[in-house]
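Here are my notes for your reading of this model. Please keep the structure open and check each point against it.

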Amino acid sequence: MKLRVPGGGLRSVLQSVSVRIALLLAVTTVLVASVMAWQALSLAGRIARADLVETARNTAQTQALALAQPLRFGDFERVASQLDLAREGHAGELHMLLVLQADGSVAGRSGETSETDALETLATGAIAQKEIVTGDKGMKVAVPVMVSGRAEPAGAVALAWSDEKALAKLARERRTILLTACGVFLGMMMLTLFLLRRIITRPLSALRGAMERVAEGDYDSPLPAQDRADEFGRLARGLGNLVSTLAKGRAAEEARMAAHEAQADVVRHLSEALDRLASGILSHRIAEQFPGEYEALRENFNRAGESLRATMDEVQ
């Protein structure tokens with residue numbers, strides 16, 4: 001009788017212990033990696049956002065310093081030139097730059113006009129409060145333009161910063177990280193399956209083959225993995241003890257069957273001899289030796305036959 005694993009195809013594969021362990025490791029790894037990746041990417045997004053806010057703030061302060069003298073002397077051409085230069089230096093990041101004079105009039109603007117009202121409001125606040133004012137979570141900044149020797153601001157610089165370029169770069173980096181992580185995950189899964197096959201599947205297959213041989217009655221073939229110190233070794237040694245017990249039982253059964261056959265042979269010879277004796281053939285003797293303890297029975301029968309024949313000769 002052979003031991004067979006039920007089912008076939010995908011079902012047989014899913015019933016494999018090593019495959020189940022690999023799937024469990026995969027699910028656990030994916031869950032842990034997903035949580036860690038989500039936290040890492042969220043942290044990266046927050047850091048990128050903070051960097052953008054800091055960059056917008058520093059840019060606004062730099063422009064305020066650069067525009068102090070042009071505003072002081074009313075050099076609006078230089079103001080416009082400085083604004084265009086700033087936008088060119090931060091192409092794709094600066095939506096709009098606006099310069100407001102202390103009286104509320106616009107000294108210059110550069111970029112999309114859709115942000116004009118919001119930036120004018122921030123610039124007015126910066127002039128009134130004499131400090132940096134922010135909006136839209138720090139993506140809009142207004143800085144008062146201070147001129148040496150004056151207590152009041154000469155005006156304010158306001159800008160609207162775009163996070164599209166930075167977010168697009170972050171998205172590309174995220175995709176790269178995810179693709180790299182997927183590649184590493186697939187590689188580790190293949191390595192895991194290979195190692196599980198060597199560590200678990202091969203010893204199990206060897207033990208299964210040994211159990212099939214035992215089930216077929218082969219108690220003499222050597223059993224694998226008995227010298228291992230792990231669970232497979234303990235299983236193999238337990239199987240070895242079972243095989244030893246089965247071998248002893250089979251030997252005892254064979255001895256019992258041999259004894260039974262010998263007894264049947266003794267009974268047959270005695271029956272034949274008694275039949276001849278009953279037929280009056282007093283000279284018949286059992287020539288074939290009986291095994292073991294039955295030999296005395298043959299000798300006693302032969303002596304009894306000799307005695308009976310001698311007695312009959314005397315009577316005659």
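This is a predicted model: local features need pLDDT of at least 70, side-chain atom pairs count only at pLDDT 80 or more; totals for chains, interfaces and linings use all residues.

1. Which way do its residues point? Lys140, Ala142 and Pro144 face one way. Val141, Val143 and Val145 face the other way. Both sets are buried.

2. Look next at the partners of strand 4. Strand 3 pairs with strand 4 in the antiparallel sense, over 3 bridges. In that pairing, Val133 stands opposite Ala142. Strand 5, residues 155–161, also pairs with strand 4 in the antiparallel sense, here over 6 bridges. Lys140 has Ala160 of strand 5 as its bridge partner. Val145 stands opposite Gly155 of strand 5.

3. Now the turn. Strand 3 and strand 4 form a hairpin, with 4 residues between them. Asp136 sits in this loop, which runs between strand 3 (133–135) and strand 4 (140–145). Its phi is positive, about 55 degrees. Is Asp136 buried, partly exposed or exposed? Asp136 is partly exposed, because its relative accessible area is 45%, which lies between the 20% and 50% cut-offs. The side chain of Asp136 makes a polar contact of 3.2 Å with the side chain of Lys140. For a sense of distance, take Leu186: Asp136 and Leu186 are 50 residues apart in sequence and 42 Å apart in space, C-alpha to C-alpha.

4. How many of its residues are buried? The count is 7 of the 7, so strand 5 is largely enclosed by the rest of the structure. Gly155, Val157, Leu159 and Trp161 are buried on one side. Ala156, Ala158 and Ala160 are buried on the other. Strand 1 pairs with strand 5 in the antiparallel sense, over 7 bridges. There, Leu98 stands opposite Ala158.

5. Finish with helix 4, residues 76–89. At 1.5 Å a residue, its 14 residues should span 20 Å, and the end C-alpha atoms are 20 Å apart, which agrees. Val79, Gln82, Leu83 and Ala86 are buried. Seen down the axis, the buried residues of helix 4 fall within an arc of 100 degrees, so they line one face. The spacing makes sense: an α-helix has 3.6 residues a turn, so residues three or four places apart point the same way. On the other side of helix 4, Glu77, Leu85 and Glu88 are exposed. What covers the buried residues of helix 4? The cover includes helix 2 (17–66), helix 3 (68–72), strand 1 (94–101) and strand 2 (106–111).

Conventions:
Residues are numbered from 1 along each chain as its sequence is written. Side-chain values use heavy atoms; hydrogens and water are left out. Helices (H or I, at least four residues) and strands (E, at least two) are DSSP runs, numbered from the N terminus. Buried means under 20% relative accessible area, exposed over 50%, partly exposed in between (1.4 Å probe, protein chains only). A polar contact is a pair of N or O atoms within 3.5 Å; within protein, one must be able to donate a hydrogen and the other to accept it, and residues adjacent in sequence count only if both atoms are side-chain atoms. Two strands pair if DSSP finds at least two bridges between them. The expected span of a helix is 1.5 Å times one less than its number of residues. The arc is that of the directions from the helix axis to the C-beta atoms. Contact means heavy atoms within 4.5 Å.
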